[in-house]
Amino acid sequence: MAQKETNGSNGEHTTRPPPTPSPLRFSKFFQANMRILVTGGAGFIGSHLVDKLMENEKNEVIVADNFFTGSKDNLKKWIGHPRFELIRHDVTQPLLVEVDQIYHLACPASPIFYKHNPVKTIKTNVIGTLNMLGLAKRVGARILLTSTSEVYGDPLEHPQTEAYWGNVNPIGVRSCYDEGKRVAETLMFDYHRQHGIEIRIARIFNTYGPRMNIDDGRVVSNFIAQAVRGEPLTVQKPGTQTRSFCYVADMVDGLMKLMNGNNTGPINLGNPGEFTMLELAENVKELINPEVTVTMTENTPDDPRQRKPDITKAKETKA
């Protein structure tokens, strides 16, 4: 659908049609209905998304990943498959491929990784998103950005709706990720308004499931790893801070429905069930190792006190 925009010089509205897609999409000799690029497809959520996309025999899937946090092991079942291609590629560099859809997941998503190289993290969010939007513009692809609940910062609104603008520290140790994703969302909408790009934005809340990196510092994998090793479960003070956890299969289902639906977003994707960190630690202790203790540690700067998605918009949106 053509997009209307305001011309900044004279205030008039101009119409920009979306870019023309590749002729391959309409070729009667082309066997795949959809050629799909997944950046960060060797990661935790990305690899589960690839599994689901590959279940459709008319999809061709290309994964681009630099393996900073992802792993080839997550994709080993597809390597060598005629409808699958794996490219070692850093999204801060341009990528020239012909695709119909782009799932842009590439970015370290846990503090232990994105704080390791904060400049690289913000470059991935900003330059990487620019490169993927440039690709979408060239080939007429629809692009979905996996943004994050971190765009809400330490929220003053609870639960968080998509209309909330957030409470983010722009110069904190987490800002490379939080503000990087906020800029990525800005770029998505600017390309949408200025060039007619078909965009989708998902704001992902905490997700868990198989293939989580056991040492990535995320709270679920952290507690499980400590319990398995017989170590104390370390809860950051005061322990009453809350998170909401969504199983990865449900998250992937939400991403695919958003991509193939008609809603631009942003849309919150997550589980509105809310747990305190102490409650989560006690649950892990009970299930895995009742002998371990729970200890309190100092909190990290800018750690959100509350996190709970309002998913009304997601429920109302039809795929």
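Modeller: Start with aspartate 51, which is buried, with a relative accessible area of 11%. That falls under the 20% limit, so the residue counts as buried. Keep in mind that this is a predicted model. Aspartate 51 sits in helix 1 (residues 44-54), while arginine 211 is in the loop between strand 9 (207-208) and helix 5, so the pair ties together parts 160 residues apart in sequence.

Arginine 211 is partly exposed, at 31% relative accessibility. Its backbone deserves a look too. Phi of arginine 211 is near 80°, a positive value in a residue other than glycine. Most residues other than glycine have a negative phi.

The crossing is right-handed. On the helix 5 side, the contact uses Val219, Val220, Phe223, Ile224, Ala227 and Val228. Helix 7 supplies Met277, Leu280, Ala281, Val284 and Ile288. By class, the contact residues are 11 nonpolar, no polar and no charged. After helix 5 comes glycine 230, with a positive phi near 75°.

Back to charged pairs. The structure holds 12 salt bridges. One of them joins glutamate 198 and arginine 142, with the closest N and O atoms 3.5 Å apart. This pair also links distant parts of the chain: glutamate 198 is in the loop between helix 4 (175-195) and strand 8 (199-204), arginine 142 is in strand 7 (residues 142-148), and 56 residues separate them. Here glutamate 198 is partly exposed, at 28% relative accessibility. Arginine 142 is buried, at 16%.

Glutamate 150 and arginine 174 form another salt bridge, with 3.0 Å between the closest N and O atoms. Both lie in the loop between strand 7 and helix 4, so the pair ties together parts that are 24 residues apart in sequence. Glutamate 150 is buried, with a relative accessible area of 12%. Arginine 174 is buried as well, at 6%. Shared partners join Glu150, Arg174 and Arg307 into one salt-bridge network.

Some backbone details remain. The loop between strand 7 and helix 4 also holds proline 159. A cis peptide bond joins histidine 158 to that proline, with omega about -10°. Another cis bond runs from glycine 265 to proline 266, with omega near 0°. Proline 266 lies in the loop between helix 6 (248-260) and strand 13 (267-269). Most peptide bonds are trans. Last, phenylalanine 67 has a positive phi, near 65°. Its place is the loop between strand 4 (59-65) and strand 5 (84-88). Phenylalanine 67 is buried, with a relative accessible area of 15%.

How values were computed
Residues are numbered from 1 along each chain as its sequence is written. This is a predicted model: local features need pLDDT of at least 70, side-chain atom pairs count only at pLDDT 80 or more; totals for chains, interfaces and linings use all residues. Side-chain values use heavy atoms; hydrogens and water are left out. A crossing is left-handed if the near helix is turned anticlockwise from the far one by less than a right angle, and right-handed if clockwise. Helices (H or I, at least four residues) and strands (E, at least two) are DSSP runs, numbered from the N terminus. Contact means heavy atoms within 4.5 Å. Ala, Val, Leu, Ile, Met, Phe, Trp, Tyr, Cys and Pro count as nonpolar, Asp, Glu, Lys and Arg as charged, and the others, Gly among them, as polar. A salt bridge is a side-chain nitrogen of Lys or Arg within 4 Å of a carboxyl oxygen of Asp or Glu. Buried means under 20% relative accessible area, exposed over 50%, partly exposed in between (1.4 Å probe, protein chains only).
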